[in-house]
Amino acid sequence: MVNRSISTQNPVQALSGVMVGLLLIQFVLGMYTNLYVTLPTMNAGHNGIPMGFHMMIARGFTSPVFMIHMMLGVFLVVLSLITALKSLSSTGASPKLWAGIGLVAVIVAGYSGLTFFMDGQHNIDSLTMAIAWLIALSAYFIAMTQKSSQPTF
């Protein structure tokens, strides 16, 4: 009997574990930002997402925690997309389902964070971000802890 690591048995399970850890770090950074970082108020005349993202980057240089929170958010979107694509090669429907739910939730959380910053920091954007984060964390935790359907030799 050969003992294989989790990453060689089920890459979706391994990637989901990484996502859980990074989402927990993202939570701590977001809470710090919420409590200790004052974001500038923007209005509807911000000239769209590119200008809003530029303003976020400019603000990030004055708050390293906010900058790390933003960059980790972008990385989470990329890693959740990779996880979803990896899940397409898995044999069962469950990894595909949880990776898909996780991907959608991460995208919703990221978009809500962007609109929170750009549209005047409305509570509904913050709430949407928090609920989407919780859904993503739950989906990746379930994917991480499920038994692999692949045989071990």
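S112 is buried, with a relative accessible area of 5% (buried means under 20%, with a 1.4 Å probe and protein chains only). The model is predicted, so local features need pLDDT of at least 70 and side-chain atom pairs count only at pLDDT 80 or more, while totals for chains, interfaces and linings use all residues. Residues are numbered from 1 along each chain as its sequence is written, and side-chain values use heavy atoms, leaving out hydrogens and water.

S112 sits in helix α5, residues 93-118 (helices are DSSP runs of H or I, at least four residues, numbered from the N terminus). A polar atom of the S112 side chain lies 2.9 Å from the backbone oxygen of V108. Leaving aside residues up to four places away in sequence, S112 touches D125, T128 and M129 (contact means heavy atoms within 4.5 Å).

Helix α6 spans residues 123-145, and the axes of α5 and α6 come within 8 Å and cross at roughly 160° (axes are lines fitted to C-alpha atoms over the stretch in contact, with angles from 0 to 180 degrees between N-to-C directions). The two helices are therefore roughly antiparallel, a label for angles over 145 degrees. The residues of this contact divide into 18 nonpolar, 6 polar and 1 charged (Ala, Val, Leu, Ile, Met, Phe, Trp, Tyr, Cys and Pro count as nonpolar, Asp, Glu, Lys and Arg as charged, and the others, Gly among them, as polar).

Helix α4, residues 64-87, also meets α5: their axes come within 9 Å and cross at roughly 155°. That makes α4 roughly antiparallel to α5.

Note on methods: Buried means under 20% relative accessible area, exposed over 50%, partly exposed in between (1.4 Å probe, protein chains only). A polar contact is a pair of N or O atoms within 3.5 Å; within protein, one must be able to donate a hydrogen and the other to accept it, and residues adjacent in sequence count only if both atoms are side-chain atoms. Angles under 35 degrees count as roughly parallel, over 145 as roughly antiparallel, 65 to 115 as roughly perpendicular and the rest as oblique.
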